[in-house]
Amino acid sequence: MTQDTGRHGSYRSRQVWLGVLAMAVVAAAVAVAWVVHASGTGSLLTLGVSTPQSPGLASRGHEAAAGGGPTGGVATRSGNHHVALTPAGVAQAAPSQVDSERPQTITLSSGTTMRVRVSSTASTGDLEIPVNIKQAGWWDGGSKLGDPFGAIVVAAHVDSFTQGLGRFAELLSMHSGDRIHLDSAHLAQTYIVVSAHLVPKTSISSTSSVFSARGRARLVLITCGGPYTRAGGYQSNMVVVAVPDGNLVSQ
Amino acid sequence: MNSSTLTSTAAAAVLVSFVAIPASATGARHALSPTEQVFVLQGVPHAAVDVSVDGKLVKSNISAKGIVGPLMLTPGKHTVTFAETGWTVKSMVHISHASSDVVLHWPADVAKKPVVTVYGNDLAPVASDKGRLTVAHTAVVPPADILVDNKVLFANIANGQFVTAEVPGGTYKVVVAPTGETKPLLGPVNLPVKAGALTRVFAIGKPSNGSMDAIVQVLPLGSAGSSAPGSVDAGSAGLVATPGSSGGVETARPLLVAGGLIGMAGLAMMARRRRTVR
């Protein structure tokens, strides 16, 4: 009986082992199928990314990576088996490298400092500046501190029905020579005003130089002003342009 | 029962495998399969080089300025071997960026063999009318300035270093000159920088044998930020209107009163809601 049980038991365990083996084989087969499938996808993706020098090159690189190790060892010139393996250099940014950043605060010539938030252009084409008249908005499609070219555009409300006069009302009395200061997370730059003009609102458009990425690095401040009508509100924009005064400072 | 058990076990295994593997495959593929884009750049003038990655020949006889790739390699360490008739450079390359350039180039000083430097590519999106320009020093020259349109845009870059900036799309007149000098080591050359793309420039070669040159590579980038505004409405109350304007402060007062009333009504409603909740 015990023998019987034993035999039966070993038969059972053999059966279980066979089952496990079957599972393992199937799992392995599926895994292989998956890897092949993944390889195929990888190759296709690779070929789609850009233009390799020769077709099939990318998939060869891929195989090399997937296979790992010096398996192929396709002969290169001069027996390189004894060449020492040296770590490649990792490129470093030159000390003069500046990582540009959006402005976080603006200090006007009176010494008034305002927080600068990120402002985007709405689908209507309007720049969505902060409702809070104590804050300004930096247009997120424009230049940043440290960029070598283009306009950093900062706009704020001149007034509001509910909050009264805004801090950017100061722009209306600005003139050439006034200084404005921007701070970002790690950079600071002082600017000197070179022009301050009221322009008809209609003269500001998505193609105007006010928003241009071209030309020298500059700060463009915008608010409202000029004639006002009950129906149409302010008819003009006050546009103040300032250029860097001194060097960009890391802080 | 015996054979049927086996059959059903196998069937179950198949079922389990098919159900389980695709479910875990996404994660497994992400972790194990090649995901990093690697370009191999041949920055040694007058050489024809064989490139092998992890012991497998990828391409042979690559002349100067040749670019191999993109190869899709797993993050981590790989052996990249460059072989010429007179020398072989076997380099341990650590791939840690989504996109990298592995560059074979001469070091700043005269040497028997070139060296290998890995440059990680910054693929962060840029404003729609700008491109990212990266200039790398991989030539046999002392630290250099990069002059763009006759002005020093990037100062004092040493061999193996780079500088990068976001610039408006367009064509720039570029000169590479020893730091603080204006006599060109390379250029002036007209360099097109495409908006919405990363343009990588590798200065290569030796001025002594007139082999100074540049490898230019371009990769597409996503777009950051919004388009230029068509209007900026930055005021409403007419408090600073120029004399002779209609409306203005007079208009503002009744509206302020109206605004105040709306605000009070809102507070009252909030108070009522709070009571209801309690």
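Predicted model: local features only at pLDDT ≥ 70, side-chain atom pairs only at ≥ 80, totals over all residues.

Colleague: Where does B:Pro188 lie, then?

Modeller: B:Pro188 is in strand β15 of chain B, which covers residues 186-193. The bond from B:Gly187 to B:Pro188 is cis too, with omega near 5°. As background, most peptide bonds are trans.

Colleague: Let's step back a bit. How many helices and strands does chain B have?

Modeller: Chain B has 2 helices and 18 strands.

Colleague: And what share of chain B is buried?

Modeller: Of the 278 residues in chain B, 49% are buried. The chain exposes about 12,800 Å², with 61% of that supplied by carbon and sulfur atoms.

Colleague: New topic, salt bridges. How many are there over all chains?

Modeller: The count over all chains is 8. One of them pairs A:Arg179 with A:Asp245, at 2.7 Å from N to O. A:Arg179 belongs to strand β10 of chain A (residues 179-183) and A:Asp245 to the loop between β13 (233-244) and β14 (249-250), so this pair ties together parts that are 66 residues apart in sequence.

Colleague: Which residue does B:Lys65 bridge to?

Modeller: B:Lys65 forms a salt bridge with B:Asp213, and their closest N and O atoms are 3.2 Å apart. This pair links distant parts of the chain, 148 residues apart: B:Lys65 is in the loop between β3 (56-62) and β4 (67-73) of chain B, while B:Asp213 is in strand β17 (residues 213-220). B:Lys65 is partly exposed, with a relative accessible area of 36%, and B:Asp213 is partly exposed at 28%.

Colleague: And B:Arg132, what does that one pair with?

Modeller: B:Arg132 forms a salt bridge with B:Asp122, where the closest N and O atoms are 3.6 Å apart. B:Arg132 lies in strand β10 of chain B (residues 130-139) and B:Asp122 in the loop between β8 (115-120) and β9 (126-127), so the pair joins parts 10 residues apart in sequence.

Colleague: How exposed are the two partners?

Modeller: B:Arg132 is buried, with a relative accessible area of 3%, whereas B:Asp122 counts as partly exposed at 37%.

Colleague: Which residues are linked in a network with them?

Modeller: The network of salt bridges links A:Lys144, B:Asp122, B:Arg132 and B:Glu166. In general, side chains of opposite charge can pair when their charged atoms come close.

Colleague: What about B:Asn156?

Modeller: B:Asn156 also has a positive phi, near 55°. B:Asn156 lies in strand β12 of chain B and counts as partly exposed, at 39% relative accessibility. For context, most residues other than glycine have a negative phi.

Colleague: What lines it?

Modeller: The lining of the largest cavity is made up of B:Val135, B:Ala136, B:His137, B:Ala139, B:Val141, B:Ala144, B:Ile146, B:Ile157, B:Val176 and B:Ala203. The elements giving two or more residues to that lining are β10 and β11 of chain B, with the largest share, 4 residues, coming from β10(B).

Colleague: How do the lining residues divide by type?

Modeller: The lining of the largest cavity has 9 nonpolar residues, 1 polar and no charged.

Colleague: Great, thanks for the tour!

Note on methods
Residues numbered from 1 in each chain as written. Chains lettered and ligands numbered in written order. Heavy atoms only, no water. Buried < 20%, exposed > 50% of the residue type's maximum accessible area, 1.4 Å probe, protein only. Areas by Shrake-Rupley, 256 points an atom, 1.4 Å probe, with all protein chains shown as cover. Salt bridge = Lys/Arg side-chain N within 4 Å of Asp/Glu carboxyl O. 1 Å grid on protein atoms, 1.4 Å probe; cavity = no way out; pocket = protein on both sides within 12 Å on 5 of 7 lines; lining within 4 Å. Nonpolar A, V, L, I, M, F, W, Y, C, P; charged D, E, K, R; others polar.
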